Amino acid sequence: MNELVKINNIDLEVKEYNGKRVVTFKEIDIVHERPDGTARKRFNDNKERFVEGEDYFNVQMSEKRTLGFDIPNRGLTLITESGYLMLVKSFTDDLAWEVQRQLVNTYFRAREIVQRVPDSYMIDDPVKRAERWIEEQREKQQLITTVAIQEQQIAELQPKASYYDVVLNCKDLISIGKIAKDYGWSAKKMNDYLHEKGVQYKQGKTWLLYQKHASYGYTSTKTHIYHGDDGFEHAAEPHMYWTQKGRLFIYELLKSDGIYPLIEQNAA
């Protein structure tokens, strides 16, 4: 029996093809709780944008024996991680964002984690085995956090300049604490508000934007270097800073809830 990974309380059979983890259209529909045929239709509607061998594979039934999973007579289309992320771009409900995170972190990326981390069960000494297991979990969490930060940093570089960006051509970045101060709030209260609004989530100790907001140039994630008492340079925890465009995004979001900065409250 092939390995199973639980996604949205559904046991997903692990499938690999050409060294990559893959999923089927049917599996995408099931874990996202979408009507049967939804993922296939999205694929067919935009097929010219997908690259065979990178975003998907067309597999024939004759390959069934070597793959270890069922292939129907008509063949099967297998979707890679990049193809999956392209397919579900238009899935923007709360469940979709959570399922995407689960699939990327615990299905597609899990293969990389398993390859890089040695197995603790191979250690005979029970104390050392336990210590290694704890270390493995820490390394796994660190890898997941690093991947999430890298994805956001890539997304932050993607926005193209627009007239709106030219108007807001201020290079100064601002912390969430300073933005919160404009409203008489604490940084924690502002972070919690943005989390409740589906703008950001916490990965480890770092706040990151959900993917639907990450490519608009609202933030810049930076890691600061400091000199320790030992004389060496150390990297501090990464922090997310807001651009002026992001500051206005927060302003409009708060205004839609009837919340205004102190300067506008005083002027009213």
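Predicted model: local features only at pLDDT ≥ 70, side-chain atom pairs only at ≥ 80, totals over all residues.

Tutor: Residues are numbered from 1 along each chain as its sequence is written, and side-chain values use heavy atoms, with hydrogens and water left out.

Student: OK, how many helices and strands in the protein chain?

Tutor: The protein chain has 13 helices and twelve strands, taken as DSSP runs (helices H or I, at least four residues; strands E, at least two) numbered from the N terminus.

Student: How do H10 and H12 pack?

Tutor: Helix H10 (residues 187-196) and helix H12 (residues 244-256) meet at about 75°, with axes 12 Å apart. The axes are lines fitted to C-alpha atoms over the stretch in contact, and angles run from 0 to 180 degrees between N-to-C directions. H10 and H12 are therefore roughly perpendicular, the label for 65 to 115 degrees.

Student: And which residues make the contact?

Tutor: Met-190, Tyr-193 and Leu-194 from H10, against Ile-250, Leu-253 and Leu-254 from H12; contact means heavy atoms within 4.5 Å.

Student: Switching topic: is Val-199 buried or exposed?

Tutor: Val-199 is buried, at 1% relative accessible area (buried is under 20%, exposed over 50%, partly exposed in between, with a 1.4 Å probe and protein chains only).

Student: Where is Val-199, and what is it in contact with?

Tutor: Val-199 sits in the loop between H10 and strand E7 (200-203). Leaving aside neighbours within four places in sequence, its contacts include Leu-194, Trp-242, Phe-249 and Leu-253.

Conventions:
Parallel < 35°, antiparallel > 145°, perpendicular 65-115°, else oblique.
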